[in-house]
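Student: I am new to this structure and would like to know how its descriptions are reached. Could we go through the terms one at a time?

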Amino acid sequence: MTTNTNTAATTDTTTAGATATAGTGNGGTGRIDFAKAAPKVFRALVGFDAAAREGLDPALVELIQIRASHLNHCAYCLHMHTNDARKAGESEDRLHMVAVWREARHFFTPKEQAALALTEAVTRVADAGVPDDVYAEAAAHFDDAELGHVLALILTINTWNRVALSTAKVAGTDERR
């Protein structure tokens with residue numbers, strides 16, 4: 001699936017912006033509205049997210065975001081990105097297999113498998129760093145520019161997960177709509 005980069009950046013900025021918007025009225029949690037409390041930081045993160053996605057296959061973008069959200073236990077982002085993947089044409093079979101992709105490799109291309117492995121390593125970087133073999137496998141499937149964007153995307157979804165978890169975002173309350 002291909003997408004016009006300008007369209008993707010516009011859509012993705014909206015996606016990213018909604019991911020981090022939390023408010024004191026959010027289920028009565030009393031947590032801050034991140035976008036209002038730190039608007040320059042929020043806008044910078046939205047810009048970083050949009051730049052990270054440029055040139056990447058939208059299906060791959062969603063797989064990376066879904067896997068990181070699984071690992072970070074971010075129900076808000078997981079709900080959002082599985083819905084986005086469905087709207088982009090992703091199959092239910094593949095969506096169900098993302099969490100167990102190593103046991104269901106035949107659902108994913110070698111390139112997607114390399115991206116998922118890198119997503120896991122970067123997301124869990126405190127556990128064992130990013131192993132050389134995982135990095136080398138990703139580097140074998142992506143040119144330097146693509147790999148830079150994949151890494152940036154992994155960094156941004158991990159940040160969005162932390163924002164959503166810290167501000168007590170509730171799954172199913174996607175404010176983009």
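**Terms and values**

Tutor: Along the sequence, the protein chain follows the pattern α-α-α-α-α-α-α-α-α-α. It has 10 helices and 0 strands, where helices (H or I, at least four residues) and strands (E, at least two) are DSSP runs, numbered from the N terminus. The model is predicted, so local features need pLDDT of at least 70 and side-chain atom pairs count only at pLDDT 80 or more, while totals for chains, interfaces and linings use all residues. Residues are numbered from 1 along each chain as its sequence is written, and side-chain values use heavy atoms, with hydrogens and water left out.

Student: Why is Thr 156 called buried?

Tutor: Buried means under 20% relative accessible area, exposed over 50%, and partly exposed in between (1.4 Å probe, protein chains only). Thr 156 has 0% relative accessibility, so it counts as buried. Its place is in helix 10, residues 144–166. Of the 177 residues of the protein chain, 47% count as buried.

Student: What makes the pair Thr 156 and Asp 49 a polar contact?

Tutor: A polar contact is a pair of N or O atoms within 3.5 Å; within protein, one must be able to donate a hydrogen and the other to accept it, and residues adjacent in sequence count only if both atoms are side-chain atoms. The side chains of Thr 156 and Asp 49 are joined at 3.3 Å, and the limit is 3.5 Å, so the pair qualifies.

Student: Which residues does Thr 156 touch, leaving out those up to four places away in sequence?

Tutor: They are Phe 48, Asp 49 and Ala 52. Contact means heavy atoms within 4.5 Å.

Student: What is known about Ala 52?

Tutor: Ala 52 lies in helix 3, residues 39–53. Its relative accessible area is 2%, so Ala 52 is buried. Beyond four places in sequence, Ala 52 touches His 149, Ala 152, Leu 153 and Thr 156. Ala 52 and Leu 153 are 101 residues apart in sequence, and their C-alpha atoms are 5.1 Å apart in space. For the protein chain, 70% of the contacts with a separation of 6 or more are between residues 24 or more positions apart.

Student: Is Asn 158 buried or exposed?

Tutor: Asn 158, also in helix 10, has a relative accessible area of 8% and is therefore buried. A polar atom of the Asn 158 side chain lies 2.8 Å from the backbone oxygen of Ile 154. Asn 158 touches Ala 68, Asn 72 and Thr 123, not counting residues up to four places away in sequence.

Student: What makes Arg 94 and Glu 90 a salt bridge?

Tutor: A salt bridge is a side-chain nitrogen of Lys or Arg within 4 Å of a carboxyl oxygen of Asp or Glu. The closest N and O atoms of Arg 94 and Glu 90 are 2.4 Å apart, so the pair meets the 4 Å limit. Side chains of opposite charge can pair when their charged atoms come close. At 13% relative accessibility, Glu 90 counts as buried, and Arg 94, with a relative accessible area of 13%, is buried.

Student: Which residue forms a salt bridge with Arg 94 at 2.8 Å?

Tutor: That residue is Glu 112, with 2.8 Å between the closest N and O atoms. This pair links distant parts of the chain, with Glu 112 in helix 7 and Arg 94 in helix 6 (residues 92–97), 18 residues apart. Glu 112 has 10% relative accessibility, so it counts as buried.

Student: How do you know that Lys 111 and Glu 146 form a salt bridge?

Tutor: Their closest N and O atoms are 3.5 Å apart. Lys 111 lies in helix 7 and Glu 146 in helix 10, so the pair ties together parts that are 35 residues apart in sequence. Lys 111 counts as partly exposed at 31% relative accessibility, and Glu 146 counts as partly exposed at 24%.

Student: How many salt bridges does the structure hold?

Tutor: The structure holds 7 salt bridges. Arg 67, Arg 102 and Glu 120 are linked in a network of salt bridges.
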